[in-house]
Amino acid sequence: MKVRFYSAVLSLALIGTSVSVDATSKEDLLKEQQEVESRLKETERSQNQTSEKLILTKQERKEARAQLDEVNSRLDDLALKIADQQAAVAASKAQLRLTEAAISETLQELHQQEELLGSRLRAVQQKGDVKYIEVLLDAKDFGDLISRFSTVSEIIKQDDSVLQAYKGNVKQLNEQRSEQALLLESMKQEQRKLLVFQTRIISESELKRKLVVQLNTKVKELQQEQFSKAEEAEILADQRRLIQNELIALQEAERKAKEEAKRKAEEAARAAEAKRQAEADEAARAAAEKEKQSESPKAETSVPEVEAPSETPDTSTDVDVSRPFHLPVKGYVSSPFGPRNNPLTGKPEIHKGIDLVNAKGTPIHAAAGGIVLRAGTATGYGNVVMVTHLIDQQVYTTVYAHLDSISVSAGQTVMPGQTVGTLGSTGWSTGPHLHFELHKGEWAVGQPNAVDPAPYIF
């Protein structure tokens, strides 16, 4: 910010005080400079800490996002496995249905074999081997007997093979059914395991997602804090430059004062020398006149007395030192200085100024003469103008916030009552009003110097 500060005498004249440039003013400015330097260092240190936290939080967020991506990738792979497993279960069920159909068909054949075997077994049970014996006894000769015996043996073998085939089919079908049922149950168990695993991974993914959301919020908060710290550092740097310029102006005034004192001392010395010479001449003249008078009658001379004019000091003043500020805009006070609930958040806070309500676009005037410290935007304030004042060797800072427009620039000298902007509702505001702050000293982080403006306004 380019700061124009013509001279301490000029600034004091604009502010409307009769404070002289002396050692006290310089000491006050040096003290203020040290305080601003200390606040600026603390703000820069805090800003560095915030930057470090922001870097670490971004790194943590990057790692959390990578973990979330890895978990989601595992979920995708697991979803494919579950889909494959479900397809395998569906295929196994279909195969089981085919097996059940085959078993049903085979069971029908077995039932037929059971009926055939049953009828033959019942016949054997009822009549024994009589028929087989009759067949053999009816042989005509030995060759016929051998032929009949072979036939009977073949019939018996066929009956036995049918019975064994029946038993084998029953065993095979039971084994197929058991194997298919076991396979299906195994697939279902595997599917249940995959689903349980999927539930766990989903829970893990949700935790990672919440962590990423929290870190995103933290990053935004730290970025906002970093931005606010940068604004605070900028304001403090502006104050430091302004004080440095004031000190330069004081040093220049001191130099000129010393030169003027030296000039006056030289003039006084010359005047004293001239007076001494005049007195010497006068003494010589008086001695000569006395010698002359001793030779002639004395003559009386009278010297008229001249009364020195009396001087009456002018004690009048145009400034009420106890109430040095004007009301910047007319309007009713919607929120005074002090404790209140924040209208945006509802949380308790200390209101560091007063809110004056009027129509949007109403001109806002400088409460006193001074130097514009800041004219622009600031977090929460919206469009804001800050003015530094030096009144009766006391530094003050006034703040005009939520402006709709700004009419001055940083470094500009303003007169009391000069328009600095128009009333608005920018920044953290619920409606058109002027948020007016008064700081006894420089504006500082956290507004520790804020005072109630009411007692200072006339």
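**Terms and their grounds**

Reply: The chain holds 4 helices and 12 strands. The model is a predicted one, with a mean pLDDT of 76 for the chain and 76% of the residues at 70 or more.

Me: Which stretches have pLDDT under 50, and what contacts does the model give them?

Reply: Residues 1-23 stay under 50 in pLDDT, and the model has 51 contacts for them beyond four places in sequence. Residues 298-319 are also below 50, with 1 contact in the model beyond near neighbours in sequence. Where pLDDT is low, the predicted coordinates should not be read in detail.

Me: Why is Arg-61 called buried?

Reply: The cut-off for buried is under 20% relative accessible area. Arg-61 has 17% relative accessibility, and therefore counts as buried. Arg-61 is placed in helix H2, which spans residues 23-127.

Me: What is Arg-61 in contact with, leaving aside its neighbours within four places in sequence?

Reply: Its contacts of that kind are Leu-215, Asn-216 and Val-219. Arg-61 and Val-212 are 151 residues apart in sequence, while their C-alpha atoms are 6.0 Å apart.

Me: What makes Thr-397 a buried residue?

Reply: The relative accessible area of Thr-397 is 0%, and the limit is under 20%; Thr-397 is therefore buried. This residue belongs to strand E8.

Me: What is noted about the phi of His-402?

Reply: His-402 is not a glycine, yet has a positive phi of about 65°. Most residues other than glycine have a negative phi. His-402 is placed in strand E8, residues 394-406.

Me: Is Asn-449 buried or exposed, and why?

Reply: Asn-449 counts as buried because its relative accessibility is 18%, and the cut-off is under 20%. Asn-449 lies in the loop between E11 and strand E12 (450-451).

Me: What lies 2.9 Å from a polar atom of the side chain of Asn-449?

Reply: It is the backbone oxygen of Glu-442, and 3.5 Å is the limit for a polar contact. Beyond neighbours within four places in sequence, Asn-449 is in contact with residues including Arg-39, Leu-438, Lys-440, Glu-442 and Ala-444.

Me: How many residues line the largest pocket, and which lie nearest its centre?

Reply: The lining has 35 residues, with Glu-349, Gly-380, Tyr-381, Trp-428 and Gln-447 nearest the centre. Helix H4 (142-294) and strands E1 (332-335), E3 (348-351), E4 (354-357) and E11 (434-440) are the elements that give two or more residues to this lining. H4 gives the most, with 5 residues. The space in the largest pocket is about 970 Å³.

Me: What kinds of residue make up the lining of the largest pocket?

Reply: The lining divides into 10 nonpolar, 17 polar and 8 charged residues.

Conventions: Residues numbered from 1 in each chain as written. Predicted model: local features only at pLDDT ≥ 70, side-chain atom pairs only at ≥ 80, totals over all residues. Heavy atoms only, no water. Buried < 20%, exposed > 50% of the residue type's maximum accessible area, 1.4 Å probe, protein only. Contact = heavy atoms within 4.5 Å. 1 Å grid on protein atoms, 1.4 Å probe; cavity = no way out; pocket = protein on both sides within 12 Å on 5 of 7 lines; lining within 4 Å. Points joined across faces, edges and corners; volume = space filled by probe spheres on them. Nonpolar A, V, L, I, M, F, W, Y, C, P; charged D, E, K, R; others polar. pLDDT = per-residue confidence, 0-100. Polar contact = N/O pair within 3.5 Å; in protein donor to acceptor, adjacent residues only side chain to side chain.
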